[in-house]
Amino acid sequence: MNRSILALGLALVAGSAAADTTLRVHYAIPTIWADTQAALADAFMAANPDITIELDGPAEGYAEGVQRLLRESVAGTAPDVAWVGLNLWRVLEARSLAQPLDHFLPEDPEAVGYTGALLSLGRFEDTQYALGTSASTLVAYVNPDLVARAGGSMEDFPTDYDGIIELAAKIDALDATIEGVWVSPHDWRFQSFLGAHGGRPMTADESDITFDSDAGVAAATIYGRFASEAGMSTMSENDARQAFPAGTLGIMFESSSLMARFAEGAGERFDMTVVPMPIVAADEDVYLPTGGSGIVMLTDDAEKQQAAWDYIAFVTSPDAQKIIVETTGYAPTNALVVEDDSYLGDFYAQNPNARVAHAQVAQYAGPWYAYPGAEGVAVTDVIAADLLKVVEGADPREAVEDLAETTRMMLGFN
Amino acid sequence: MNMRESMSTLLLTGPAALALVLCVFLPVAVVFVLAFTNYQIGAPGIGWVGLDNFAQLFGSRMGRNAILNTLTYVSIVIPASVGLGLLVALGLHALARSLPRVSEMLKAVYFLPVAATLVAMAVSWQMLLHPSLGLVNTWSSALGLPAPLWLSDRGLVLYTLSAIGIWQSVGYNMVLFLAGLAAIQPSLYDAAEVDGATSGWARFWLVTWPMLGPTTLFVMVVTAASAFRVFETVATLTKGGPAFASDTIVYALYREGFVYFKAGYASAITVVFFLALLLLTALQIWVIERKVHYR
Amino acid sequence: MSLCNVSKRFGDTTVVSDFSLDLFAGEFVALLGASGSGKSTTLRMLAGLERPSSGKVLMDGVDVTDLRPAARNIALMFQSYALYPHLSVRQNIATPLRQTRLSAAARLPGAGLLSGQVRKAESEINARTQSVAQMLRLDGLLERRPGQLSGGQQQRVALARALVRDPSAFLLDEPLSNLDTALRHSTREEIRDLHRRTGHAFLLVTHDQTDALSMADRIVVMIAGRVAQCASAADIYHRPANREVARFIGAHRMNILPPGVEAASFHPRGMQDDIGIRPEALQADPNGALLATLTNAAFHGEETLLRLRTDAGAELLAVTEGTASLPPQGTKMRFGAQAARLHCFDAATGLRKEIKA
């Protein structure tokens, strides 16, 4: 409401201005983003009175959002700028809808806080198509009460997978309704375990599958051991996301973006604690695929592109990133905002869990591989299905090798 | 018919016919064409692939899995939903004579799932069937029974969805059967009684079942059509998982088209599904109608 | 077979009250009443489809009040015929036999292939069905469905189904009401003939007195749930037991003259009692006792109906032969009647009083 009044006011004031541009902005997941987007738009328009931001009605989720963008592009009514899932901007790039951003980027991106790791989130074949706006990686959520009941403590919480499996088995044995550990059989989680072991899903030029390496087998083995040694069930993601806040699940590997939701869900019941992923390989070989959102430019109108870039630069600036971190719980994608305590020092003092998660992003962030081509999304479902087989007792090595073959065939790598 | 009359007839039917062509036939035709291409939503290019999409549906493991899952679901839901609908209708019909109030109330209870929004109901089901927190497993553990993963056990999920499908359609079938029962001439029951059909069972086979023939056919067609189209429960409760164990044809169609963006392949599934349903309905109408309308 | 002091109430309404009736072997009785007189309910109680609220149903002296219809071995032909539309004529006729002689398992299709006994029973049933069908001239129609038959054919199928079991009594509920006039005549003959041939006790329920008078040996007139009179057809017509029966029976409603001078002009009892004269007994007669004005004359072919008003204001009807020439309306005419054809009823109770000619 305020926004529309402000927009009206700005429109009246800017009536005499020379270049009066309106940008249509698309975003998804209103449950997380609605307030944040309104605050960002207000702040941007206050700084740029000649540009009006018009937010499209949000899409339910990132997948629905991309579908809508594709439909709108077919109809010629696509917005100028879009916030999309970090794994989905490649769908737009593949259809030549996302505009390259390289000529807008400053000479020295590091100086404005765009580190190489963060730029890599939106880069493909040496061209920048997207800029990360919010980031999340896989972390472990822990219920300290259950850990204590199982004879452990948060002070000497295990830092390797063997220790976690041992602890989870003890938690699982507490009670019939209590589960030890849970992680979704899902492409992104698998890529995270893979990265923690120093593996990569594909070669750099995306011409072959590489997750059938020892790192890949080790990543799949974690699923197998969680199930066989720590009694992990095949309950669905929704079920697990209810079980953890309800206090019936000891350890849950999940996206750091769910932090606020879990903390709220756990409430006074227990002191939800975030623990970083155990890293197995040497630091230089490790990266964790980064979820979250990125922003892409869709307009090909030169004049609008400049205004769009102004908006993109703004939402990736330390000031806007501060807003995003404080209102969504996502990790920032601008290095300056993390390095300079004047931005988020107070926030981290109050949210130690967020500091753990954001430190992990800053240290290990890497691109979330989207498999190329028409079958790219379908492959992720096949990966999820095969991981479930490992959870149900299949041999990890055989499963991963089979999966790699299937994936190569689907993607046409043979 | 003179010229003026033809003109006014044309004027009356024309707009609706035009709307039908533009809004129904044209899109269907587009889907039929797309089914033979590799079109992806939003893609700049489009290529003719002949029957490849159909070969993929029937030849691939995923395609066959979706077809098999749908057939399993349908073969559980149709007989169970029609049978239970009939049973409930018979019970309520009999109850209406002795306890009309209770019968009316139960009727409303049975009809509730039909009137309720399925997506909202799916959320309730999800909560009820939660492996550790849900009411179903809480009770079954309390009674010392196993607490299965209703919606995330690959071997179980299809049956859970079938049960929900039955729960959802029994009420509607019940209402149709009640209408059918009300239309049976009371004198036929008297005749059966006089003819020596003294047990309820004998009267059912001699009068009720044959007289409900047309109703049963209609109920079967309606139930089959809705069972084959099962989608909302799959989309909200399982997303076709775990590991495609509850992937059905319409969900696969949604998945391929709107998650994988493979419009061509999704169109091919649509075409196959459309033709299959058309064939099924025609078969039921043409073959069975002759047998149940007693002409 | 008899009904003893039977009453039937539905909620607060009494449909049949204190009804008694004996049906003897080989007799043809008609239960005649207007619609709503409770005759169908009586029939249903006799058949066992309704349970009396009080009173008993006896068969050969045995109380069968609580027995179901099939156990009473009574055949019932329904007004709507109630044929099973999904079964062929043959199957319809065979149903009572199949239901009583074969077990539920033996009725399953193909049971005859497995059991010799079932095969034997089936062939007996078939033979019996065939013979009943022949008797009712249905042999050409055995494979048709009821929906493919005419009304008269359907009626014969219903008769056949009722007869096939060799019942101890045969109840017919308005068997002719769905037939056209031509068919009614022949069917009446047929039913009488059937009664003669089978020798069963027949009970016919009808609202049509022609049916009752032409077919039955004995007629029970039912008015408002009670027996108004039970007698032979001739008795009912010539000696109605009370005013209601007198008015109900006969092609034309009986003229009733209230006590007074005009009634007394026919018979001295007319001073204190009602005098009834059937329209066909009231004849134009220059020396007649009654003077009346002709208000309307209607020619009906074989007969002419004359509507009259007496000076005292009573409305009367007279029937004369259709060949008589019609006097103009408004003509004052004299009418008389033979003393033997006069009826006398108590003005208060309506009961018949015998008078001497």
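View 1. On the domain 1 side, α16(A) gives the largest share, 7 residues. Helices (H or I, at least four residues) and strands (E, at least two) are DSSP runs, numbered from the N terminus.

This is a predicted model: local features need pLDDT of at least 70, side-chain atom pairs count only at pLDDT 80 or more, and totals for chains, interfaces and linings use all residues. Residues are numbered from 1 along each chain as its sequence is written, chains are lettered from A and ligands numbered from 1 in the order in which they are written, and side-chain values use heavy atoms, with hydrogens and water left out.

**View 2. Here's a salt bridge.** Glu206(A) and Arg90(A) pair up through their side chains, at 2.8 Å from N to O. The count between the two domains is 1 salt bridge (a side-chain nitrogen of Lys or Arg within 4 Å of a carboxyl oxygen of Asp or Glu).

**View 3. Now for the buried area.** About 1,400 Å² is buried between the domains, and carbon and sulfur atoms give 55% of that. Buried area means the accessible area (1.4 Å probe) that two parts lose on being put together, summed over both. In domain 1, Asn353(A), Gln360(A) and Tyr364(A) lose the most area to domain 2, together 45% of what that side buries.
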